[in-house]
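Subject: the model, plus what turned up in it

Hi,

Here's the structure I promised to pass on.

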Amino acid sequence: MKLIIVFLLFFDTVSADYYFPPNGTEEWENVEFNELGWSESNLPILKDSLHSWNTKAFIVLKSGKIAIEEYFDGFTSDSIWYWASAGKSLTSFLVGLAQENKLLDINNKTSDYLGKNWTSLPIAKEDLITIKHQLSMSCGFEVTGNLDCTLPECLTYKADAGSEWYYHNAPYTLLHQVLEAASEKKVNIFLYNSLSKFTGIEGAFLPSGDNIVFFSKPRAFARFGSLIINRGEWDGNLIMQDANYIESMISTSQPNNKSYGYLWWLNGKGECMLPGSSLVFKSHLFQKVPKDAFAALGKNGQILLIIPSLDLVVVRMGESNDKAAVSISLVNSIWDQLQAVMQQSSVNDRSCSTLQFYVSDNKLICRDINESAEICFYNSLGQIITSVNSDNNFEIQIPDELSGLVFITVRTSKSTYYHKIIL
């Protein structure tokens, strides 16, 4: 009876009307804003913000169909870009496929696949490390020096496997060697045979310094999001039948960082740890994103954000001024702007330029608003600096910290107005 319950719960997560693009073609259905009830008047603010954040590609899928697809500065849908550490999540899925095909067991010790002395640890300590520890960033290695180096002399003992969490690239990178040893195939061949030819998720893992990085077109990133939001199902075919692995992959994987699964970042857990730190922050990973969201994240703002409750997949590729290993702040900023687009549109939505709206003596002055409103100020990065509520017509002091390109939204119960100014 228990197996039947798991089976039913798994299939209940798959949307019956989810759209999957066909393989081997550029065909991909779009969905119009008026069909979704989204506000197209706020799209220019989102696009300006994405451009200011050095975005190359941005895709939003709603139930699998393309709702938004934007490219910047000569980048196109055929351009190739790197996933950075967001590729870790793809590797996690490949490990699950290898386990399903009985090529490996994530509870087995890593030395079963890499041989003894793949670290500088005493054998007794090395044998504590399993594939699951590699997937959950809990191998227990010392965190000084080059965290990308996979040589044994770089992998030294700090704590027993499973007792600590720390974001360490080297144990992840070695998962590719584990996959190759287990499957007796190069990782890109294993990728193609087990995933790409069924889903169109085409690309390649390539060496980059000490790391191995996945490169693909932007839509391949979006295809991967569709596969995962449907729990391993692609257009009626179960690419991964192991529902237990998929659930574990996007659930807390160890006790120290509740916001980390098997190389996936998880929202809504109430606390989180971040790369480069052993501190535990008492907050959700993403402050404003729905709690059921989870994400594949890489440096310079490579983002695959999946929100099952909204049937939403968001892809962002590009560069970033944020030098963090994972751009949590950029996810929050994008979500702020995307929410404004996703709000229910109104026939009264219009630019503030159609109102008696102007700036004088560093004050925002607006006439012709005959009801209470929420006024939000965004800086050039799309981050909310402040928001205030006002009744009817208003005069509001512009915050001193705002300069350069500034976005303003005025939301009432009936309409949303927007304006772009340079201070």
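To start with the naming: helices (H or I, at least four residues) and strands (E, at least two) are DSSP runs, numbered from the N terminus. This is a predicted model, with local features needing pLDDT of at least 70 and side-chain atom pairs counting only at pLDDT 80 or more, while totals for chains, interfaces and linings use all residues. Residues are numbered from 1 along each chain as its sequence is written, and side-chain values use heavy atoms, with hydrogens and water left out.

**Overall**

The secondary structure comes to 12 helices and 19 strands. Of the protein's 423 residues, 54% count as buried (under 20% relative accessible area, with exposed meaning over 50% and partly exposed in between; 1.4 Å probe, protein chains only). As for contacts (heavy atoms within 4.5 Å), take those in the protein with a separation of 6 or more: residues 24 or more positions apart account for 62% of them.

Six strands make an open sheet in the order β2-β1-β11-β10-β9-β8, with antiparallel pairing (two strands pair if DSSP finds at least two bridges between them). At the edges sit β2 (65-71) and β8 (265-266), each pairing on one side only. α10 packs on this sheet, where it touches β1, β2, β9 (294-298), β10 (302-307) and β11 (312-318), and its direction makes about 150° with that of β11 (axes are lines fitted to C-alpha atoms, for helices over the stretch in contact, and angles run from 0 to 180 degrees between N-to-C directions). Within the sheet, β1 (residues 55-62) and β2 are joined in the antiparallel sense over six bridges, and Val-60 stands opposite Ile-68 in β2.

How many residues of α10 are buried? The count is 12 of the 12, so the helix is largely enclosed by the rest of the structure. Among them are Arg-219, Phe-221, Arg-223 and Phe-224. The geometry of α10 (residues 218-229) checks out too: at 1.5 Å a residue it should span 16 Å, and its end C-alpha atoms are 17 Å apart, which agrees. The expected span here is 1.5 Å times one less than the number of residues. After α10 comes Arg-231, whose phi is positive, near 55°.

**The three-stranded sheet**

A second open sheet has three strands in the order β3-β5-β4, again with antiparallel pairing. Its edge strands are β3 and β4, each of which pairs on one side only. Five bridges join β4 (residues 204-208) to β5 (residues 211-216), with Ser-208 opposite Asn-211 in β5. Two residues lie between the strands of that hairpin, and Gly-209 takes a positive phi near 65° there. On the β3 side, two bridges link β3 to β5, and Trp-81 stands opposite Ser-216 in β5. Helix α8 lies across β4 and β5, running at about 65° to β5.

Ser-77 sits in the loop between β2 and β3 (81-82). Although 140 residues separate Ser-77 and Lys-217 in sequence, their C-alpha atoms are 6.5 Å apart in space. Leaving out residues up to four places away in sequence, Ser-77 touches Glu-69, Tyr-71, Lys-217 and Pro-218.

**Pocket and cavity**

Both were found on a 1 Å grid over the protein atoms alone: a cavity is a set of points where a 1.4 Å probe fits but cannot get out, and a pocket is an open set with protein on both sides within 12 Å along at least five of seven lines; lining residues have an atom within 4 Å of a point.

The largest pocket holds about 400 Å³ of space. It is lined by 19 residues, and the closest to its centre are Ser-85, Asp-148, Asn-169, Asn-211 and Lys-299. α8 (169-183) and β5 are the elements that give two or more residues to that lining, and β5 gives the most, with four.

There is one cavity of 30 Å³ or more, and about 90 Å³ of space lies in the largest cavity (grid points are joined across faces, edges and corners, and a volume is the space filled by probe spheres set on the points). Its lining includes Met-137, Cys-139, Glu-164, Trp-165 and His-168. Met-137 lies in the loop between α7 (131-135) and α8 and, at 4% relative accessibility, counts as buried. Its contacts beyond four places in sequence include Lys-88, Tyr-172, Tyr-260 and Leu-263.

Cheers
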